[in-house]
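Please open the structure in a viewer and keep the selection tool at hand.

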Amino acid sequence: MCITVFHWYILQKDKNARPLSLSGHVGFDSLPDQLVNKSTNQGFCFNILCVGETGIGKSTLMDTLFNTSFENFESSHFEPKVKLRAQTYELNESNVRLKLTIVNTVGFGDQMNKQQSYQPVVDYIDAQFESYLQEELKIKRSLYNYHDSRIHVCLYFISPTGHSLKSLDLVTMKKLDSKVNIIPVIAKADTISKSELHKFKIKIMSELVSNGVQIYQFPIDDESVAKINSTMNGHLPFAVVGSTEEVKIGNKMVKARQYPWGVVQVENENHCDFVKLREMLICVNMEDLREQTHTRHYELYRRCKLEEMGFKDTDPENKPVSLQETYEIKRQEFLLELQRREDEMRQTFVQRVKEKEAELKEAERELQNKFEHLKRLHQEERMKLDEKKKLLEDEINAFNKRKSAAELLQAQAFSSSSSMNIKRDKDRKNSGFM
Amino acid sequence: MAELSRELPSRQVPATDFSYVGIDSILEQMRRKAMKQGFEFNIMVVGQSGLGKSTLMNTLFKSKVSRRSATSTIEERIPKTVEIKSISHDIEEKGVRMKLTVIDTPGFGDHINNENCWQPVMEFINDQYAQYLQEEININRKKRIPDTRVHCCVYFIPPTGHSLRPLDVEFMRRLSKVVNIVPVIAKADTLTLEERDDFKKKIREELSENDIDVYPQKEFDEDAEDHLINEKIREMIPFAVVGSDQEYQVNGRRLLGRKTKWGIIEGIITSLFLPFTVENVAHCEFAYLRDLLIRTHMQNIKDITSTIHYEAYRMTRLNDIKTYTNGMNGHESTACEM
């Protein structure tokens, strides 16, 4: 606020809210219900990113988790680059409408050179943050109708090798851990034996810790879920098995994978951690995942982006910079930039015009030269022709003279001789001439 | 490069029953988080002194949230300019914690010359928006921005029985654009039932003549159901209230009321054995006001403040900065409001 504003009111503010006891039922205990009702009417958004090699079971796990069959494409192993495919579905359960977006990586881990594999994933996540940031910065905005496409959780699928993490896994998770909540899962866990699995999990977790990868921790600050969350934290990464096929066990049909040597039941906690994953991801912490995405990851992105663009909260003397000042500074800079560009353009234009002028002048000169040259040639030709004409005329004159001289002689000879002679002479003359 | 394949128009995929997925547990998760965080509510009371503002607040929230000015001396009673007094309380009910702030405006309408007495109020409301905006555009933001924006302004109309006064019209016309206004007829026990109904009708007419949109505003009705409920409310405003924090015994029931020579005006019933619907709304419409403000529409009031009023303020403010003007505008810019 500018200091020049003078207040029309005298503010007496009680900074410390005193606790007060009520003497009866007021009724604001219905507030949480009012809030929940409003959210129910609006609907919820949840976006899951699945990162993992081709064929590791990402789509199957999604189908199993949400108990439905999403449209799935089996990708080939020959993708030249990693791509991301996003699909949005609307799920309904009881009175809850959930807009679920599942983003899958295509071609992850297939290339021979995997150095740039993580980049498309990072770019996608950043693009969603950017989109939200743009909406938030708009002057006329509608955040409440905005379809939130930011990734709330990233399920990272680890290959069940039984040994340790691949370097691709470490590099990718390290790049993603400050941008998204990562929950690592061991895929196709039915290919590992129980003892191997135990060692595998320990190895994975220690590798993550020693490389400083921060995966999502289920929150333990809320007493009602602290206990279950802390227990589950100890079971990470979850060893999952996905299946949409059903097998009859006893008298029930259960989701399972039938092998010649036995049946792996998806929802049997002794067989795999699927139920734990579903519990944690959907039933207990979905809202927390959304909140963390918004308050931690998005804020971090926003802070970095704004600082990159040159905004500051405090100026060099550490005084808080007011909104107005920041915008004015930015505006000045922008105007200066515009001015500079304008000058540049003007200069370029002038330069171009000069060049063109020079070109044209050059062409003109050339034309002029040509013209002169032609004119000269023409004149020379003309002179030659005139000379020839003169010569010809001289010749004609000479001939005419001879002719008249000869006629004169003839006339004299004719007048002194007979007509016969004249005829003979005439013939002779004529034949002489012919 | 990352590539977004075309987003399919959302298909309706019903989750089948044989295995429960658990999506609807998000409601419970949300409730849990909300209860942990607590709620905030800021309510402003505006009206001349002596109209029963503090008493009404105390009755609404069943505790001494507002200090009655009737006890102060004559010198203290009418301040020279309009003051804004803000008192906060932490109250809790059935595990739901709320920080309630009651903002009082002593001095409003009490002077001989009341021109522009709406200005301090307007400026206070805009200041709260400005504070919130400043926090919101910070680079390092707080996890939860403290919400001091005025959610609801209860305007007290003196029970003249005739019509709105110029001061009332002026105030409500200007402020209904920046805050949710809930007009009430104060000290309604001075009007008979017919007088009350006539007065209400006249007020509603005058409000619509002057294009004053009080809460619940027609344009923000979300769907048909909402519209129905809100229409019923709109037919009743302004509520005629009688505030009271004294209990009396009437017909074997204990209730809050006012004792006069000609009978006890029943405010609300405090007995636990009778359902709250047995309130004597023929006497006073306090119950409707309470339900509107607290039990059913509190969240909606907060939502309208943040999505409509605050956004409008933000838009104006950011546009002003864009066109390089100084000063702060609500929805009107006056030369002296700098």
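The stops that follow concern a predicted model.

**Stop 1: the nonpolar cores**

Begin with A:I48, A:F66 and A:I183, which touch the most other members of the largest nonpolar core, a set of 89 residues. Next, select helix α3 of chain A, residues 118-137; this helix supplies the largest share of that core, namely eight residues. In soluble globular proteins, nonpolar side chains tend to be buried together.

Now centre the view on A:I183. Apart from its neighbours within four places in sequence, A:I183 is in contact with A:V153, A:C154, A:L155 and A:Y156, with A:Y216 and A:F218, and with A:L236, A:L277 and A:L281. A second, separate core of 81 residues can be located by selecting B:I43, B:M57, B:V242 and B:L292, which are among its members.

**Stop 2: strand β2 of chain B**

Is β2(B), residues 39-46, buried or exposed? Eight of its eight residues are buried, so the strand is largely enclosed by the rest of the structure.

Which strands pair with β2(B)? Select strand β4 of chain B, residues 96-104, which pairs with β2(B) in the parallel sense over seven bridges. Within this pairing, B:L100 of β4(B) stands opposite B:F41.

**Stop 3: two helices of chain B**

Select helix α4 of chain B (residues 118-137) and helix α5 of chain B (residues 166-175), which pack at an angle of about 20 degrees with their axes 10 Å apart. The two helices are therefore roughly parallel to each other, and their crossing is right-handed. To view the contact, show B:W118, B:V121, B:M122 and B:I125 in α4(B), which meet B:E170, B:F171, B:R174 and B:L175 in α5(B).

**Stop 4: from chain A to chain B**

Finally, select helix α8 of chain A (residues 286-308) together with helix α1 of chain B (residues 25-37). Their axes lie 8 Å apart, and the helices pack at an angle of about 60 degrees; they are therefore oblique to each other. On the α8(A) side, the contact is made by A:M286, A:E287, A:D288, A:R290 and A:E291, and on the α1(B) side by B:I26, B:Q29, B:M30 and B:K33.

Conventions:
Residues are numbered from 1 along each chain as its sequence is written. Chains are lettered from A and ligands numbered from 1 in the order in which they are written. This is a predicted model: local features need pLDDT of at least 70, side-chain atom pairs count only at pLDDT 80 or more; totals for chains, interfaces and linings use all residues. Side-chain values use heavy atoms; hydrogens and water are left out. A nonpolar core is a set of buried Ala, Val, Leu, Ile, Met, Phe, Trp, Tyr and Cys residues joined through side-chain atoms within 4.5 Å. Buried means under 20% relative accessible area, exposed over 50%, partly exposed in between (1.4 Å probe, protein chains only). Helices (H or I, at least four residues) and strands (E, at least two) are DSSP runs, numbered from the N terminus. Contact means heavy atoms within 4.5 Å. Two strands pair if DSSP finds at least two bridges between them. Axes are lines fitted to C-alpha atoms, for helices over the stretch in contact, and angles run from 0 to 180 degrees between N-to-C directions. Angles under 35 degrees count as roughly parallel, over 145 as roughly antiparallel, 65 to 115 as roughly perpendicular and the rest as oblique. A crossing is left-handed if the near helix is turned anticlockwise from the far one by less than a right angle, and right-handed if clockwise.
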